Amino acid sequence: MAFSIYDFTEFTKSIHEGLSSSLSPTMTTVVEWVIIGVLYILFVALFGLFLVYAERKVCAAIQQRVGPNRVGPWGFFQTIADFVKLLMKEIINPKGVDGFLYNVAPYIVIITVFIILSLIPFAPGLQAFDFDIGVFFVTAVSSIGVIGILLAGWSSNNKYSLIGGMRSGAQIISYELSIGLSIITMVIMSGTMQISGIINAQANGWFIFKGHIPAIIAFIVFIIASTAETNRGPFDLPEGESELTGGFHTEYSGIKFAFFFLAEYMNLFIVSAMATIIFLGGWMPLHFGEFNSFNAAMDVIPPIIWFFLKVCAIMLLIMWFKWTFPRLRVDQILTLEWKYLLPINLFNILLMTAVVLLGWHW
Amino acid sequence: MKAFFNYISEIFRGFYSLLQGMGVTGKYLFTPWKYITQNYPENRDTLKMFDRFRGEVIMPHNENNEHKCTGCGICEINCPNGTIEVITKTIVTEDGKKKRVLDKHIYHLGMCTLCNLCVRACPSDAIVMGQKFEHAVFDRKNLTKVLNKPGSKLEANVKE
């Protein structure tokens, strides 16, 4: 069994061959599904909890506070304690809820997260499935999540939840457009929608360097739109505490609330990972064209570490936005999208097309 | 055309102001070891309150157990909530004169709003604001304090 931290292709292949030598093809597939499913559930639970902790520490640093520091060293087990508390809480079904939709809504939100996670490559060979229209599939599936939020708002029998869900729907559907168009800008440049293809095209330089001006504009638009897409501050209208109590998850408690909470933070991870894959080369180390000695030095750091470094940098940026900028009103959110981001994006696609046709990129 | 230039410049000005805001918070974000909150119960021994903090009214005594209070009662008159009661007594000095001196300076902490009016009114600076803030007690009676220590005298150089 060849194991290398730099390339997991051989490792996963040897696991597959080992399983198929002793099991029937159907059983092999089932066992692989179970292994991958358990791995992803573990990843979501642990990384989600880490993100909640990181968010609280970043927020504390920005507000010149210490942050959680009681449970464990530097408060590291605070979120685990919180999660245990949520698991033990009673699950309340309020009077007058639409039972089936109310119960299914959190699962729709969290299942969307799992589907998208399966497309994200953590390192070479560490990707659950990779197919021709990967990027397109991600944008398509990520808009299923809004159905969960709308259902949660609709079925709760609570006017605040309904308004929160509707606001969230309006916001996500608007900003989906910007995300899609900025991804299209980069697809024009890479010439493929396959995620592994996009990453391999960045072997001699990340797209944000290769595509210079239009790529940087697309990156900024993507970051703004994905902040709005994850319902985070300054775009956190769906859960404005002062006006909507808790927004769409007002009526949820216990593990169902934990699902919404985890899904929000995993969405933060997903948009950061997509920004990393499309603009910053995914797991690809920092390479510059023909500087071979520099490239070789960068290759020493394993790709999985490169991936998480880049993702964490972008997540830090988005958290920084949340604790710096004032919230937008609902009309300002729609103005930003339809009057600013969309025209800039359309112009940027033209610019990128011209750059690609004239060969002005590296 | 002008509207178009306004549109463009609005975008850049918007970005500039957002970056300014991020600069301010970024300065705090990347220096997480500098914080202004206190690890309170742990640093009880070293905790220093800021100078203008008003914790309670105290009466400083010097090393000979002498205070500056003449028992004039101006602080009692100035207190808006009747927090202070000044009780005086009359004594006969060595040269046979009768003299009014302070017997008990009673301070009801539970009624005090820490407004500082008594301290400002005091003509001989006998009372000041102390820094102690841990006032929790098990009985309301303990919040009534006598500020002059037992057996204390007036300082010799205080004018009456």
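**Labels and their cut-offs**

Modeller: B:Asp139 has a relative accessible area of 35% and is therefore partly exposed; buried means under 20%, exposed over 50%, and partly exposed in between, with a 1.4 Å probe and protein chains only. This is a predicted model, in which local features need pLDDT of at least 70 and side-chain atom pairs count only at pLDDT 80 or more, while totals for chains, interfaces and linings use all residues. Residues are numbered from 1 along each chain as its sequence is written, chains are lettered from A in the order in which they are written, and side-chain values use heavy atoms, without hydrogens and water.

Colleague: What makes B:Lys141 and B:Asp139 a salt bridge?

Modeller: The term requires a side-chain nitrogen of Lys or Arg within 4 Å of a carboxyl oxygen of Asp or Glu. The closest N and O atoms of B:Lys141 and B:Asp139 are 3.8 Å apart, and the pair counts. B:Lys141 has a relative accessible area of 62%, so B:Lys141 is exposed.

Colleague: How many salt bridges does the structure hold over all chains?

Modeller: Eight. One of them joins the side chains of A:Glu55 and A:Arg232, at 2.9 Å from N to O. A:Glu55 lies in helix H2 (residues 25-62) of chain A and A:Arg232 in the loop between H10 and helix H11 (241-244), so the pair ties together parts that are 177 residues apart in sequence. Helices here are DSSP runs of H or I with at least four residues, numbered from the N terminus.

Colleague: Why is A:Glu55 called buried, and why A:Arg232?

Modeller: A:Glu55 is at 3% relative accessibility and therefore counts as buried. A:Arg232 is at 0%, so A:Arg232 is buried as well. In another salt bridge, B:Asp51 and B:Lys48 have their closest N and O atoms 3.2 Å apart, and both residues are exposed.

Colleague: Why is the pair of A:Phe76 and A:Phe77 called edge-to-face?

Modeller: Rings of Phe, Tyr and Trp (its six-membered ring) pair if their centres lie within 6.5 Å; planes under 30 degrees apart are stacked, over 60 edge-to-face and the rest tilted. A search of the whole structure finds 31 such pairs over all chains. For A:Phe76 and A:Phe77 the centres are 6.1 Å apart and the planes stand at 85 degrees, so the pair is edge-to-face. A:Phe131 and A:Phe137 also form an edge-to-face pair, with 5.2 Å between centres and 70 degrees between planes. At 26% relative accessibility A:Phe131 is partly exposed, and so is A:Phe137 at 22%.

Colleague: What links A:Phe43, A:Phe47, A:Phe50, A:Phe122, A:Phe269, A:Phe307 and A:Phe308 into a cluster?

Modeller: Ring pairs link these residues.

Colleague: How do you know that A:Lys159 lies over the face of A:Tyr160?

Modeller: A charge sits over a ring if NZ of Lys or CZ of Arg is within 6 Å of the ring centre and within 35 degrees of the ring normal. A:Lys159 is at 5.8 Å from the ring centre of A:Tyr160 and lies over its face.

Key. Helices (H or I, at least four residues) and strands (E, at least two) are DSSP runs, numbered from the N terminus.
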